[in-house]
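Here's a quick tour for anyone meeting this structure for the first time. Take a look at the sequence and the model, then read on.

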Amino acid sequence: MKTNDYIKVSFPSLSCNEGFARSCAACFAARLDPTLDELSDIKTAVSEAVTNCIVHAYPGEIGMIHMKCRILGDKTIEISLRDSGVGIADVQKAREPLFTTGDPGERAGMGFSIMESFMDKIKVRSKPDKGTTVVMSKTLNGRR
């Protein structure tokens, strides 16, 4: 679905920008008059996606994260996050709960599972050494 109602932001993969991305997505979603729970769901999913970029896409270096938020129809928000990092060799495996490419003592491996539980749909595209794109959408009931 095409829409002219969107924003695009790009930022370095610094941990301090996770909060910026959450706030940015929440401010954009607020136009749909979501409930506090819906807004919290969106913020949590964005946090997980951005954290994945920071930790897994660019290990030991700083790269760029590109976020696009758009409104589809009357009540659906779509959020995509793209990096140009190391990519994911096996997306199916990466989406399994508890799977992590990071240190198992530090990482729970629940990022994709959390995104899936808080959003209606999630699509993951990735190519090794080219990067990853995560597209999440949620239809809001809102307070109206």
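Are Lys138 and Asp41 buried or exposed? Lys138 is buried, and Asp41 is buried too. Keep in mind that you're looking at a predicted model. The notes below start with the sheet, move on to the helices and the core, and end with the charged pairs.

**The sheet**

- Five strands make up an open sheet, in the order β1-β2-β3-β5-β4, and the pairing is antiparallel.
- β1 and β4 sit at the edges with a single partner strand each, so one side of each has no neighbour in the sheet.
- From one strand to the next, the twist averages 10 degrees.
- As background, strands of a sheet pair through backbone hydrogen bonds, either parallel or antiparallel.

**Strand β3 and its two partners**

- β3 covers residues 76-83 and is mostly covered itself, with seven of its eight residues buried.
- On one side, β3 pairs with β2 (residues 64-72) in the antiparallel sense, over eight bridges.
- β2 and β3 form a hairpin, with three residues between them.
- Gly73 is in the turn of that hairpin, and its phi is positive, at about 65 degrees.
- β3 also runs antiparallel to β5 (residues 131-139), and seven bridges join the two.
- Two bridge pairs to look for here are Arg82 with Thr133 in β5, and Glu78 with Ser137 in β5.

**A closer look at Thr133**

- Thr133 belongs to strand β5.
- With a relative accessible area of 13%, Thr133 falls under the 20% cut-off, so the residue is buried.
- Leaving out residues up to four places away in sequence, Thr133 touches Leu81, Arg82, Lys123, Val124 and Arg125.
- Arg82 in that list is also the bridge partner of Thr133.

**Helices against the sheet**

- α1 lies across β1, β2 and β3, and runs at about 175 degrees to β1.
- α2 lies across β1, β2, β3 and β5, and runs at about 10 degrees to β3.

**The nonpolar core**

- The largest nonpolar core holds 35 residues.
- Inside this core, the residues with the most contacts are Ile42, Val46, Met67, Ile79 and Met136.
- At least two core residues come from each of β1, α1, α2, β2, β3, α4 (111-118), β4 (121-127) and β5.
- α2 gives the most, with nine residues.
- Which residues does Met67 touch, not counting residues up to four places away in sequence? They are Ile7, Lys8, Val9, Phe11, Ala21, Cys24, Ala25, Val46, Ile79, Ser80 and Leu81.
- Val46 and Ile79 show up among those neighbours of Met67, and both are also named among the residues with the most contacts inside the core.
- In soluble globular proteins, nonpolar side chains tend to be buried together.

**Charged pairs**

- The model has three salt bridges.
- Arg31 pairs with Asp5, and their closest N and O atoms are 2.4 Å apart.
- This pair links distant parts of the chain, 26 residues apart: Arg31 is in the loop between α1 (16-29) and α2 (36-57), while Asp5 is in the segment before β1 (6-12).
- Arg31 is partly exposed, at 44% relative accessible area, and Asp5 is partly exposed at 27%.
- Lys138 forms a salt bridge with Asp41, with the closest N and O atoms 3.4 Å apart.
- That pair also links distant parts of the chain: Lys138 is in strand β5 and Asp41 in helix α2, 97 residues apart.
- Arg70 forms a salt bridge with Glu78, and here the closest N and O atoms are 2.5 Å apart.
- Arg70 is in strand β2, and its Glu78 partner has a bridge partner of its own in β5, Ser137.
- Why do Arg70 and Glu78 count as buried? Buried means under 20% relative accessible area; Arg70 comes in at 16%, and Glu78 at 17%.
- The side chains of Arg70 and Glu78 are also joined by a polar contact of 2.5 Å.

Methods
Residues are numbered from 1 along each chain as its sequence is written. This is a predicted model: local features need pLDDT of at least 70, side-chain atom pairs count only at pLDDT 80 or more; totals for chains, interfaces and linings use all residues. Side-chain values use heavy atoms; hydrogens and water are left out. Buried means under 20% relative accessible area, exposed over 50%, partly exposed in between (1.4 Å probe, protein chains only). Helices (H or I, at least four residues) and strands (E, at least two) are DSSP runs, numbered from the N terminus. Two strands pair if DSSP finds at least two bridges between them. A polar contact is a pair of N or O atoms within 3.5 Å; within protein, one must be able to donate a hydrogen and the other to accept it, and residues adjacent in sequence count only if both atoms are side-chain atoms. A salt bridge is a side-chain nitrogen of Lys or Arg within 4 Å of a carboxyl oxygen of Asp or Glu. A nonpolar core is a set of buried Ala, Val, Leu, Ile, Met, Phe, Trp, Tyr and Cys residues joined through side-chain atoms within 4.5 Å. Contact means heavy atoms within 4.5 Å. Axes are lines fitted to C-alpha atoms, for helices over the stretch in contact, and angles run from 0 to 180 degrees between N-to-C directions.
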